[in-house]
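Open your viewer and get ready to select residues. Each stop tells you what to pick and what is there.

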Amino acid sequence: MTQTTPEISVVICAYSDKRWDDLVAAVESVRGQTVPAKEIIVVIDHNEPMLQRLQARFTEPDFIAVPNKRTRGLSGARNSGVAVAHGDIVAFIDDDAIAAPDWLQWLAASYNDKVLGVGGPVQPFWLEGRPSWFPEEFDWVVGCTFLGMPETTTRVTKLIGCNMSFRREVFAEVGGFRTDMGRVGTKPIAGEETEFSIRVCQRWPDKELIYEPRARVQHRVPAARANWGYFRSRSYYEGLSKALVAQLVGTVDGLATERTYATRTLPRGVARGIADLPLRRDPAGVARAATIAAGLGITVYGYAQAKVAQRIKALRHREHSAALTPEDHLI
C-alpha cells in the first residue's frame with residue numbers, strides 16, 4: 001500500500017435543496033485547496049431535481065455529480081461516491097461543512113506505508129451562537145470534535161464522518177459503510193463510520209488510522225440543533241448506535257474510547273463546570289455540568305435499552321430454532 005504522492009477524491013453527500021447554499025460553499029471550499037483534489041464527487045440521495053440542478057451549476061471536468069444508487073441514506077450515498085472515485089485516497093466532508101484551505105494538504109501529508117486512514121477536527125460554527133448551557137464535551141451531538149480529543153497527531157481507532165479519509169483499496173477489501181446503519185434524512189442515528197473504522201483496524205491490526213489536528217473543517221450548527229430537544233434525542237440515539245456497533249465489532253473494540261471518555265473526560269467537565277461559578281462568576285457552568293450528567297445518563301439509557309432488545313431478539317431466535325424439527329431445517 002505504498003503511495004508517495006496520493007491523489008485524493010473528495011466525496012460530499014447531500015439530500016435536500018434546503019441546504020443548497022451550504023452545499024455550494026462546501027464545494028467551493030474544496031476547490032480552494034492548497035493541494036487540489038483529483039476530483040470532487042457530490043452524491044445526491046434520491047432527489048433527481050436537485051441532481052439536475054447541481055449538474056447545471058457545476059460543469060468543470062474535475063466535478064462529478066451522481067445519484068445515490070444504493071440504499072437511501074448517508075451510508076448508501078457514501079458507498080455510491082466511493083464506487084466512482086479514482087483517487088488513491090477517498091476523503092469525506094459534509095454538505096454543510098467548510099474545509100480549511102490546507103485541509104487536503106494535511107490529510108495527504110499524513111499518509112505513509114502504515115497509514116490506512118486520516119481524519120481531523122470538526123469545529124462547530126454556531127449560526128446563532130453557542131448556548132451557554134451546551135458543554136464542549138458534548139460537541140459530538142452536533143457532529144463536531146468534542147473537548148478531550150487529541151491535540152497532537154495521534155493514532156486512533158475511529159474517524160469522524162464529517163472529516164475523514166481512507167485509502168480507496170480499503171473499501172475493496174472490507175466492503176463499504178453498512179447501509180443498515182447511519183443517518184437517513186434528519187433521523188439522528190449514526191455509527192456507520194465508527195463501525196467501518198473499527199472493521200478496518202481489526203482487518204489490519206499492524207496498520208494505523210491517524211487523527212491530524214491540522215486537517216481542519218468547520219461545521220455549521222443551525223439553531224434547530226442548538227436546543228435541549230435535539231441534544232436529548234441525539235444522545236439517546238447515540239446510545240442505540242453504540243449498542244449496535246458493539247454488537248457488530250465486539251464490546252472491547254466498540255467501546256474502547258468511550259470508557260476513557262466516560263470515566264475521565266466527563267468527570268473533569270462536571271468539575272470544571274461547577275468551578276466556573278465561584279472562579280469565573282459564570283452561573284451557566286452549573287448548567288453545563290448538569291447537562292453533561294444528563295447527556296451521559298440519556299446515552300447510557302439508550303445503550304441499555306438497545307442491549308435488552310438485542311438479548312430478547314436473540315432469545316426468541318434460539319427458542320424458535322429449538323422448536324424446529326429436523327425436517328424443518330431441511331426445508
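In which helix does N79 lie? Select N79: helix α3 holds this residue. Helices (H or I, at least four residues) and strands (E, at least two) are DSSP runs, numbered from the N terminus.

Before going on, note that this is a predicted model: local features need pLDDT of at least 70, side-chain atom pairs count only at pLDDT 80 or more, and totals for chains, interfaces and linings use all residues. Residues are numbered from 1 along each chain as its sequence is written, and side-chain values use heavy atoms, with hydrogens and water left out.

**Stop 1: around N79**

Stay on N79. Is N79 buried or exposed? N79 counts as buried because its relative accessibility is 10%. Buried means under 20% relative accessible area, exposed over 50%, and partly exposed in between (1.4 Å probe, protein chains only).

Now show what N79 touches. Leaving out residues up to four places away in sequence, N79 touches R70, G176, F177 and T179. Contact means heavy atoms within 4.5 Å. N79 and D113 are 34 residues apart in sequence, and their C-alpha atoms are 24 Å apart in space.

**Stop 2**

Select residues 74–84, which are helix α3. Helix α3 lies across β1, β2, β3, β4 (89–93) and β9 (163–167). Its direction is at about 145° to β2. Axes are lines fitted to C-alpha atoms, for helices over the stretch in contact, and angles run from 0 to 180 degrees between N-to-C directions.

Then pick residues 48–57 for helix α2. Helix α2 lies across β1 (8–14), β2 and β3, and runs at about 170° to β3.

**Stop 3: the sheet**

Colour the strands. In what order do the 8 strands of the open sheet come? The order is β3-β2-β1-β4-β9-β6-β10-β8, with mixed pairing. Two strands pair if DSSP finds at least two bridges between them. At the edges are β3 (63–67) and β8 (154–156), each pairing on one side only. Neighbouring strands of this sheet are turned by 25° against each other on average, direction ignored.

**Stop 4: strand β1**

Select β1. Here 7 of 7 residues are buried. I8, V10, I12 and A14 point one way. S9, V11 and C13 point the other way.

Look at the two strands that pair with β1. With β4, the pairing is parallel over 4 bridges, and V10 stands opposite A91. With β2, β1 also runs parallel, joined by 6 bridges. S9 has E39 in β2 as its bridge partner. Follow the chain from β1 through helix α1 (residues 20–31) to β2: this β-α-β crossover is right-handed. Right-handed means that, with the strands pointing away from the viewer, the path from the first strand over the helix to the second runs clockwise.

**Stop 5: strand β2**

Move to residues 39–44, strand β2. β2 pairs with β3 in the parallel sense over 5 bridges. Find I41: opposite stands I64 in β3.

**Stop 6: zoom out**

Show the whole protein. How many helices and strands does the protein have? There are 11 helices and 11 strands. The C-alpha trace spans about 75 × 55 × 45 Å along its principal axes. Buried residues make up 49% of the 331 residues. Among contacts with a separation of 6 or more, 77% join residues 24 or more positions apart.
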